[in-house]
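Visitor: I'd like to learn how to read a model like this one. Could you walk me through it?

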Amino acid sequence: MRAAVVVFPGSNCDRDLAVAFEQAGFDVSMVWHKDSQLPEGVDIVGVPGGFSYGDYLRCGAIAAQSPICKAVIDHAERGGYALGVCNGFQILTETGVLPGALLRNAGLKYICRTVELKVATSDSAFTQGYNAGDVIGVPIAHHDGNYYADAETLAALKDQDRIAFTYVDNPNGSAEDIAGILSANRRVLGMMPHPERAADAGHGGTDGAAMFRALSGLLTVA
Amino acid sequence: MKARVHVMLKNGVLDPQGEAVRHALGALGFDKVEGVRQGKVIDLDLAEGATEADVKDMCEKLLANTVIESYEIELA
């Protein structure tokens, strides 16, 4: 099973994400933002955290227009898997692959600490290694993680069981305590917390590792 | 031709930066400020032949995120 991790100027979690995929058994290639194609046979694309293009204009706005993002959108539209973490989540909302937007944190501060997340659904390739209701510790590190969507979109996310994770103690003002959401086909996950930073004993926590293990298991069977 | 684009968070979308500015103004003694909204202004220098429709297209595709922001175009 093959993963590709996109690298933008300003990405800073690309290698962490690659290591998390590798430890779960993926063959990982890094893809530069100017590339217009993903490597042949990629099962899942990782869009990493960081500050792509210096967060100019809006977080993720410029990255969403990059050549590689067109390939990521095509991959998602073909039913391919994708994981966007932090800035990667912002980029996926800017491309329209995921609904809503990430606003400035309600408390205005950049927040960098481990928070408790509740697994809201185990019905996805990303979350099947958890039980719904599990509480896991995963680091956040963001200034613009305040999830916003209109009432209609929020209702659809709830009705379709597409909220993947919620914050136990909402740190940033996100609507419905949302920390991560799934696409309609459940194959794209965007989340502000960093599971790749909780995937090795050396990180101080391994609660994120189950996501990468579950993905690798599912994609092996498929 | 020059165009000026004003981008603002839509009404109903919380603007924590505007709120912080409001608080700071209050702390300075400006007690008649009931609300502050902060946005951005983007000036475009455009070549001959560019139209307002082009600028609108730019706003829709990049300059504003219409999920959360509204925009206004001023041509000069």
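This is a predicted model: local features need pLDDT of at least 70, side-chain atom pairs count only at pLDDT 80 or more; totals for chains, interfaces and linings use all residues.

Visitor: How many residues of helix H3 of chain A are buried?

Guide: A residue is called buried if 20 or more other C-beta atoms lie within 10 Å of its own. For helix H3 (residues 87-95) of chain A the count is 9 of the 9, so the helix is largely enclosed by the rest of the structure. Among them are A:Phe89, A:Ile91 and A:Leu92, but also A:Gln90 and A:Glu94. Just after H3(A) comes A:Gly96, with a positive phi of about 90°.

Visitor: Now the sheets. In what order do the strands of the chain A sheet lie?

Guide: The general idea: strands of a sheet pair through backbone hydrogen bonds, either parallel or antiparallel. In chain A, 9 strands make an open sheet with mixed pairing, in the order S2-S1-S3-S4-S11-S10-S9-S6-S7. At its edges stand S2 (27-32) and S7 (135-142) of chain A; each has a single partner strand, so one side of each is left without a neighbour in the sheet. On average, neighbouring strands here are turned by 20° against each other, direction ignored. For one pairing, take S6 (residues 111-119) and S9 (residues 163-167) of chain A: they run antiparallel and are joined by 3 bridges. In S9(A), A:Thr166 is the residue opposite A:Lys118.

Visitor: And which strands stand at the edges in chain B?

Guide: The chain B sheet is open, with 3 strands in the order S2-S1-S3 and antiparallel pairing. Its edges are S2 (40-45) and S3 (69-75) of chain B, each with a single partner strand, so one side of each lacks a neighbour in the sheet. The twist averages 20° from one strand to the next. Helix H2 (residues 52-63) of chain B packs on this sheet, touching S1, S2 and S3 of chain B, and its direction makes about 155° with that of S3(B). S1 (residues 2-9) of chain B pairs with S3(B) over 7 bridges, and B:Ala3 has B:Leu75 as its bridge partner there.

Visitor: How many residues of chain B are in contact with chain A?

Guide: On the chain B side there are 9, in contact with 12 residues of chain A. Helix H1 (residues 16-27) of chain B gives the most to that side, with 3 residues. By type, the chain B side has 7 nonpolar residues, 2 polar and no charged.

Notes: Residues are numbered from 1 along each chain as its sequence is written. Chains are lettered from A and ligands numbered from 1 in the order in which they are written. Two strands pair if DSSP finds at least two bridges between them. Helices (H or I, at least four residues) and strands (E, at least two) are DSSP runs, numbered from the N terminus. Axes are lines fitted to C-alpha atoms, for helices over the stretch in contact, and angles run from 0 to 180 degrees between N-to-C directions. Two residues are in contact if their C-beta atoms, placed from the backbone, lie within 7 Å. A residue is buried if 20 or more other C-beta atoms lie within 10 Å of its own, exposed if 12 or fewer, and partly exposed in between; C-beta atoms are placed from the backbone. Ala, Val, Leu, Ile, Met, Phe, Trp, Tyr, Cys and Pro count as nonpolar, Asp, Glu, Lys and Arg as charged, and the others, Gly among them, as polar.
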